[in-house]
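The following exercises concern packing inside a protein chain. Each task is followed by a solution in steps.

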Amino acid sequence: MRTVHAEWIKLRSLRSTWYTVSCLFVVGLGITTLSTLGANKDYWGGTAADRAAWDPTGRSLKSFIVAQLVIGVLGILVVTSEFATGLMQTTLAATPRRSRLLAAKAIVATAVAAVAGQVLMFAAFFLGQAVMSGRDVPSAHLGDHRVLASIVGGGLYLSAIGLLAVGLGTIMRATAGALATLVGIVFLVPALAGLFPSWMQGIFDFWPTLGAAAIFGTVPDTNFPHPWVNLGGLWLGVLAILTAAFVVFRRRDV
């Protein structure tokens, strides 16, 4: 716990941490506002099938697409900032047990991602529903079916991305490389999913922005009918990458 406390002091003492968290809310809520302002046209201009599948909750939580990148940057910097400045040597001198050090960084980064992500999801939901109700478009309430589950699941999704970023930052040791890898995972691979052979399609059931992202919707997705199973698969994949990060961190020089 002393190591966790030390990592928390380091993280909260950096102005970049607060800039990143502020950017998370400004950009996230901005996207929610923009996406819900056009809800009137999309709802009334769509077909009857579109209106039947209308998901006001999923629409207001669209901010997760950019929020995961911002949280990913925060998780990456928890590790790579010390490699970039050379302070990792000082940190290891103070905490020679590398597993303890990396575990503390992972706990702090995941906790910050969980709190910030969950607050963002609730704020985006209430903001989005307020905008849509004011534009004569069907909106949702917190007590509606699957709404609270989607919001809480969204927070868990963003927590997984934060932990994934810590693992990538540890393996890469460079902010640019880790961020490029994260962008490829959450954007490039899903965009090229149709090019992969059929025997690989199963991995997309838990892939970020694909199967795992089904947790953000309240209307069942026929392609991913079990969103919580998909989200659990994402967490297993993240834990596998984090395990590799522990092995690499212990075996190589600083």
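Contact means heavy atoms within 4.5 Å. The model is predicted, so that local features need pLDDT of at least 70 and side-chain atom pairs count only at pLDDT 80 or more, while totals for chains, interfaces and linings use all residues. Residues are numbered from 1 along each chain as its sequence is written, and side-chain values use heavy atoms, with hydrogens and water left out.

**Exercise 1.** Identify the residues that phenylalanine 216 touches, leaving aside those up to four places away in sequence.

*Solution.* Phenylalanine 216 touches Thr57, Gly58, Leu61, Phe64, Met121, Ser150, Gly154 and Tyr157.

**Exercise 2.** Determine which members of the largest nonpolar core touch the most other members.

*Solution.* A nonpolar core is a set of buried (under 20% relative accessible area, 1.4 Å probe, protein chains only) Ala, Val, Leu, Ile, Met, Phe, Trp, Tyr and Cys residues joined through side-chain atoms within 4.5 Å. The largest has 59 residues, and Met121, Tyr157 and Phe216 touch the most other members. Among the helices (DSSP runs of H or I, at least four residues, numbered from the N terminus), H8 gives the most to this core, with 13 residues.

**Exercise 3.** Describe how H1 and H8 cross.

*Solution.* Axes are lines fitted to C-alpha atoms over the stretch in contact, with angles from 0 to 180 degrees between N-to-C directions. The axes of H1 and H8 come within 9 Å and cross at roughly 55 degrees. Residues of H1 including Trp8 and Leu11 meet residues of H8, among them Leu101 and Val108.

Methods: Buried < 20%, exposed > 50% of the residue type's maximum accessible area, 1.4 Å probe, protein only. Helix = DSSP H or I, 4+ residues; strand = E, 2+ residues; numbered from the N terminus.
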